[in-house]
Amino acid sequence: MASHIGRRKFLATLGGAAAWPLAARAQQSAMPVIGYLNPGSPESDASRLTGLRRGLNETGYVEGRNLVIEYRWAGNQADRLPALATDLVKLRVAVIVSPGRVATLAAKAATTSIPIVTGFANDPVQFGLVATLNRPGGNLTGFNAFAGELGAKALALLHELMPSIATIGFLENPNNPVSELRTREVLAAGPAVGVKVQILKAGTDREIDAAFVSLVQARTEALLVGNDAFFNSRIEQLVVLAARHAIPTMYTFREFVVAGGLISYGSSLIETYRQVGLYTGRILKGEKPADLPVIQATKLELIINLKTAKALGLTIPDKLLALADEVIE
């Protein structure tokens with residue numbers, strides 16, 4: 001009896017996985033278990049999870065009814081991801097869903113056999129994650145949202161919104177592995193758009209605050225926020241600071257504009273992870289990731305908040321309003 005109790009305590013503490021008994025029961029009853037490996041936190045991931053569950057539901061899988069999802073959150077500490085990925089492999093999950101390049105690399109290093117489905121922010125071939133877009137090969141596929149490759153277009157849209165601006169700030173997280181690449185791309189796009197680019201770096205809450213102080217001191221007239229898991233978990237902080245300092249700011253995702261940001265341009269997080277959910281469901285039914293082409297985003301959405309524009313004293317040009325997919329009033 002004592003040894004039985006000891007074994008239960010040991011299982012309950014393995015990897016910090018409180019849901020171990022649930023996963024074990026699910027596997028015993030043939031209910032599939034998938035792992036969700038995320039570099040951020042639950043608070044910042046509502047849209048992704050909405051999309052993921054929607055896609056899974058469309059393939060016949062409903063969390064809690066005929067599917068278990070084991071969640072692993074790194075809390076914006078990338079160095080935790082390898083251990084969390086290993087934990088999911090030990091649980092023998094059927095599929096790992098890993099938003100973003102850093103989480104995907106951790107999952108890929110942890111297993112060459114468990115299928116991995118992800119939302120890519122950059123070209124996955126360029127970073128060696130898949131062999132080709134049409135035939136990924138290996139155990140990994142997903143949806144390419146191009147979220148990390150929109151710097152030039154975003155600068156152009158900001159300039160179109162405010163034709164008289166001379167300087168635009170670009171906020172990037174130096175802890176992001178593709179930070180230098182994105183910074184070079186945005187700097188190169190500046191002269192073509194006709195603006196000077198001020199590079200600002202922030203990887204902590206305090207550094208975000210300091211970046212806005214630097215913007216004000218330099219009299220920089222607008223800001224572009226790079227796509228990054230840390231920034232996506234700090235929507236309220238970024239939107240509040242932009243309003244407080246009256247800095248017109250562009251983001252990648254709609255969620256920032258809904259929270260009061262001025263403008264966003266990029267793929268829909270919900271649609272991206274709906275596609276990830278669809279692929280996950282298809283793999284659970286027997287298809288192989290090696291045979292599922294990486295889906296390329298065909299639609300990028302422009303979202304504008306007119307209430308925020310008014311507060312900033314901006315008049316949105318008719319051309320931009322006509323291009324907008326959604327105008328929040």
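1. Helices (H or I, at least four residues) and strands (E, at least two) are DSSP runs, numbered from the N terminus.

2. The model is a predicted one, in which local features need pLDDT of at least 70 and side-chain atom pairs count only at pLDDT 80 or more, while totals for chains, interfaces and linings use all residues. Residues are numbered from 1 along each chain as its sequence is written, and side-chain values use heavy atoms, with hydrogens and water left out.

3. Two strands pair if DSSP finds at least two bridges between them. Strand β9 (residues 249-251) and strand β10 (residues 263-266) pair in the parallel sense over two bridges, and Y251 stands opposite S264 in β10.

4. Which residues of α6 are buried? They are G151, A154, L155, L157, L158 and L161; buried means under 20% relative accessible area, exposed over 50%, and partly exposed in between (1.4 Å probe, protein chains only). These residues cover an arc of only 160 degrees around the axis, which puts them on the same side of α6. The arc is that of the directions from the helix axis to the C-beta atoms. An α-helix has 3.6 residues a turn, so residues three or four places apart point the same way.

5. Helix α5 (101-110) has A103, T104, A106 and A107 as buried residues. Seen down the axis of α5, its buried residues fall within an arc of 160 degrees, so they line one face of the helix. They pack against β1, α4 (81-90), β3 (95-97), β4 and β5 (140-144).

6. S98 is found in the loop between β3 and α5 and, at 0% relative accessibility, counts as buried. Leaving aside neighbours within four places in sequence, S98 is in contact (heavy atoms within 4.5 Å) with L37, A103, T104, A107, I116, V117, T118 and G119. P115 is placed in the loop between α5 and β4 (116-120) and is buried at 16% relative accessibility. Not counting residues up to four places away in sequence, P115 touches A94, V95, I96, N139, I283 and P289. P115 and L284 are 169 residues apart in sequence and 9.4 Å apart in space, C-alpha to C-alpha.

7. The largest nonpolar core has 41 residues, and those with the most contacts inside it are L171, F212 and L238. A nonpolar core is a set of buried Ala, Val, Leu, Ile, Met, Phe, Trp, Tyr and Cys residues joined through side-chain atoms within 4.5 Å. Helix α12 (residues 269-284) supplies the largest share of this core, six residues. F212, leaving aside its neighbours within four places in sequence, is in contact with L223, L238, L241, A242, H245 and I247. A second, separate core of 28 residues includes L150, V186, A222 and I316.

8. The structure holds five aromatic pairs. Rings of Phe, Tyr and Trp (its six-membered ring) pair if their centres lie within 6.5 Å; planes under 30 degrees apart count as stacked, over 60 as edge-to-face and the rest as tilted. Why is the pair of Y36 and Y71 edge-to-face? Their ring centres are 5.9 Å apart and their planes are at 65 degrees, so the pair is edge-to-face. The pair links distant parts of the chain, 35 residues apart, with Y36 in strand β1 (residues 33-38) and Y71 in strand β2 (residues 68-73). Y36 is buried, with a relative accessible area of 1%, whereas Y71 counts as partly exposed at 21% relative accessibility.

9. The rings of Y36 and W73 have centres 5.6 Å apart and planes at 65 degrees, so this pair is edge-to-face. Y36 lies in strand β1 and W73 in strand β2, so the pair ties together parts that are 37 residues apart in sequence. Both Y36 and W73 are buried. Y36, Y71 and W73 form one aromatic cluster.
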